[in-house]
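Hi everyone, thanks for coming. Have a look at it first, and then we'll go through it together.

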Amino acid sequence: MKVSIEKVVFGGKGLSRLKEKVCFVPFTLPEEVVEVEIKEEKKSICEGFPVDVLEKNPYRVEPKCKYYMQCGGCDFQHINYEKQVEIKKEILEETLQRIGKINKDTDKVIPSANPFNYRNRVQFKFDGKNFGFYKLKSNEVVDIESCDIADKNINNLIPTLKNLAKNNPQVEELHIFHHPDNKPMLKIVLKENLFMNIENLLDTFAGIGVYIGNKRVKLEGKSFTFYRAGKFNYRVSIDSFFQVNKYQLENIVDEVISEIPKDSQCIGDIYCGVGLFTLPASKKAKKVFGIEASKSAVKDAQYNVKVHNIGNAKFYQKVVEKSADIIFGYNPDTLIFDPPRTGIPKNIIQKLLQLKSLKRIIYVSCNPSTASRDINLLSEKFELKKVKLIDMFPQTHHIESIFVLDKV
Ligand SMILES: C[S@@+](CC[C@H](N)C(=O)[O-])C[C@H]1O[C@@H](n2cnc3c(N)ncnc32)[C@H](O)[C@@H]1O
């Protein structure tokens, strides 16, 4: 079937209109005419796979990766990088309008200095035979020899990792944490608790953690690494979250910290991880506090403030849903939020509307839909002042943005 693509929508797929249906087609661009194979069909929508592009958009480029359209990782490699960012900006503004009910242009766009080889950590899958990444919409694994968005040193290790998996069929996943100056760290996830000799891996890796599901069953060497961003060197444990794009790490910190008001007295960093924003924020106010669910991230954050001689920061290991009392106890004037894809819990939004001391919210989001929902709820008392798009995930449809909201 032949379809014409109108625009690229949230999720990265091209939208086309058939007589009574909307058809979503991945790997396409606006104004393209595409021959599609219908893969899924529902009452009012269907999903097609492009088998031939009959009329091409001028921004279409040859994908660099030989596994493109098989591997479920990247979905924007067919688009020139500047155009990828432009499409993300359009989607961000459209989502803010549709869900947030706010008309606001993006104030600043920060592309990644290098749109390839940016990932400093990667999770490889192994199915007993193939080593690589899940296929598009499947739990089958595409066997790969290289990954164009992973750091070059991670690519150099792929043969070693592949051998390791093939000699140990109980391996399900290998997570590699690259470090620019030190040996990398390796997390091995096994299907079941079978013996695995990992001591001989210490020549290649600084630390190796063995897991069954989420539970660590063995550790050799170090369980953490360090990443530098600006003035601070952050300890990041094998179980802690950390930003994956090495070219955007300093930029995201600068873009958040530069939005802290000059006269700020107390700042809360909600979903603080290892303290990426808390440490520099501590220099901008009398007091800072961080809230984070992960035990290992809170331990890292506590270590990170200690080694940097920061005496005005405190961290709480608690889920944000149950942390309204902590937030209220501080009477903060500024709150930084960097939640997972689900956004800020509704009970917390309701509380923020009652928090008299709160003047500014700096909202870092990896999901424009939930952020727009939250901004809409907050608009009862807060006005959206600034929108920034920072491209943390080139070659994919994922959109990272920073919203600045002020009490009206
Ligand atoms: C997107 S990361 C941001 C971390 C940090 N701001 C950074 O940039 O490194 C979200 C963090 O929220 C934490 N998290 C997830 N769900 C949570 C919850 N319900 N309550 C508290 N923290 C949570 C995760 O462990 C993760 O560290």
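Before I go on, a word on what we're looking at. This is a predicted model, where local features need pLDDT of at least 70 and side-chain atom pairs count only at pLDDT 80 or more, while totals for chains, interfaces and linings use all residues. Residues are numbered from 1 along each chain as its sequence is written, and side-chain values use heavy atoms, with hydrogens and water left out.

Back to the ligand. There are 17 residues around it, with Gln 243, Glu 292, Val 320, Glu 321 and Asp 338 coming nearest; to be near, a residue needs a heavy atom within 4 Å. Val 320 uses its backbone, with a polar atom 2.9 Å from a ligand nitrogen. Glu 321 uses its side chain, where a polar atom lies 3.0 Å from a nitrogen of the ligand.

Now let's zoom out. The domain assignment gives domain 1 (2-60), domain 2 (97-113 + 243-407) and domain 3 (121-225), with bounds from an automatic or database assignment. Between domain 1 and domain 3, the C-alpha centres are 36 Å apart.

What about the largest nonpolar core? By that I mean a set of buried Ala, Val, Leu, Ile, Met, Phe, Trp, Tyr and Cys residues joined through side-chain atoms within 4.5 Å. The largest has 77 residues, and Phe 124, Leu 186 and Ile 188 touch the most other members. Helix H2 (residues 152-167) gives the most to this core, six residues. Helices here are DSSP runs (H or I, at least four residues), as are strands (E, at least two), numbered from the N terminus. The core also draws at least three residues from each of domain 2 and domain 3.

Next, a few individual residues. Asp 374 sits in helix H8 (residues 368-378). Is Asp 374 buried or exposed? Asp 374 is buried, because its relative accessible area is 0%; the cut-offs are under 20% for buried, over 50% for exposed and partly exposed in between, with a 1.4 Å probe and protein chains only. Its side chain makes a polar contact of 2.9 Å with that of Arg 373.

Ser 282 is in the loop between helix H4 (278-281) and strand S18 (287-292). A polar atom of the Ser 282 side chain lies 2.5 Å from the backbone oxygen of Leu 279.

Finally, some backbone angles. Most residues other than glycine have a negative phi. Phe 27, however, has a positive phi near 60°, and Asn 117 has one of about 50°. Phe 27 is in the loop between strand S4 (22-25) and strand S5 (33-41), whereas Asn 117 lies between strand S7 (108-110) and strand S8 (121-126).

How values were computed: A polar contact is a pair of N or O atoms within 3.5 Å; within protein, one must be able to donate a hydrogen and the other to accept it, and residues adjacent in sequence count only if both atoms are side-chain atoms.
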